[in-house]
Amino acid sequence: DWASAEVSFQRAIKTCPDNSDARRCYAEGLWSRGDRTAALDQIREAIKLAPADPQLHLRLAQMSLDMGDEQTAQQETALA
């Protein structure tokens with residue numbers, strides 16, 4: 001249930017804003033319901049918190065590619 005998960009991860013971010021996993025999961029919830037801009041914002045915040053995590057860079061690359069942003073997708077793939 002993405003709606004419930006989204007609320008839970010939103011609370012987790014308020015409680016612990018430095019948790020990259022909570023931001024990643026929140027991004028997935030937002031993405032699944034079609035709020036792609038907010039999802040990209042959250043995945044970028046997760047990357048700021050964990051810049052060495054290749055999975056975050058790959059996910060941003062996938063999201064960017066889905067949005068038609070090939071340049072960002074290529075840059076993020078290179079960082080992964």
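In this predicted model, helix 3 and helix 4 cross in a left-handed manner. The residues that form this contact on the helix 3 side are Arg-36, Ala-39, Leu-40, Ile-43, Arg-44, Ala-46 and Ile-47, and they meet Leu-56, His-57, Arg-59, Leu-60, Met-63, Ser-64 and Asp-66 of helix 4. Sorted by class, the contact of helix 3 with helix 4 holds 8 nonpolar, 2 polar and 4 charged residues.

Helix 3 covers residues 36-49 and helix 4 covers residues 54-66. The two pack at an angle of about 155°, and their axes lie 10 Å apart. Helix 3 is therefore roughly antiparallel to helix 4, because angles over 145 degrees count as roughly antiparallel.

Helix 3 also packs with helix 2, which spans residues 20-32. Here the angle is about 165° and the axes are 8 Å apart, so helix 2 and helix 3 are roughly antiparallel to each other. The crossing of helix 2 with helix 3 is left-handed. Helix 2 contributes Ser-20, Arg-23, Arg-24, Tyr-26, Ala-27, Leu-30 and Trp-31 to the contact. From helix 3 come Arg-36, Ala-38, Ala-39, Leu-40, Gln-42, Ile-43, Glu-45, Ala-46 and Leu-49. By class, the contact of helix 2 with helix 3 comprises 10 nonpolar, 2 polar and 4 charged residues.

The packing values of the two pairs are set out below.

| Helix pair | Packing angle | Axis separation |
|---|---|---|
| Helix 3 and helix 4 | about 155° | 10 Å |
| Helix 2 and helix 3 | about 165° | 8 Å |

How values were computed
Residues are numbered from 1 along each chain as its sequence is written. This is a predicted model: local features need pLDDT of at least 70, side-chain atom pairs count only at pLDDT 80 or more; totals for chains, interfaces and linings use all residues. Side-chain values use heavy atoms; hydrogens and water are left out. Axes are lines fitted to C-alpha atoms, for helices over the stretch in contact, and angles run from 0 to 180 degrees between N-to-C directions. Helices (H or I, at least four residues) and strands (E, at least two) are DSSP runs, numbered from the N terminus. Angles under 35 degrees count as roughly parallel, over 145 as roughly antiparallel, 65 to 115 as roughly perpendicular and the rest as oblique. A crossing is left-handed if the near helix is turned anticlockwise from the far one by less than a right angle, and right-handed if clockwise. Contact means heavy atoms within 4.5 Å. Ala, Val, Leu, Ile, Met, Phe, Trp, Tyr, Cys and Pro count as nonpolar, Asp, Glu, Lys and Arg as charged, and the others, Gly among them, as polar.
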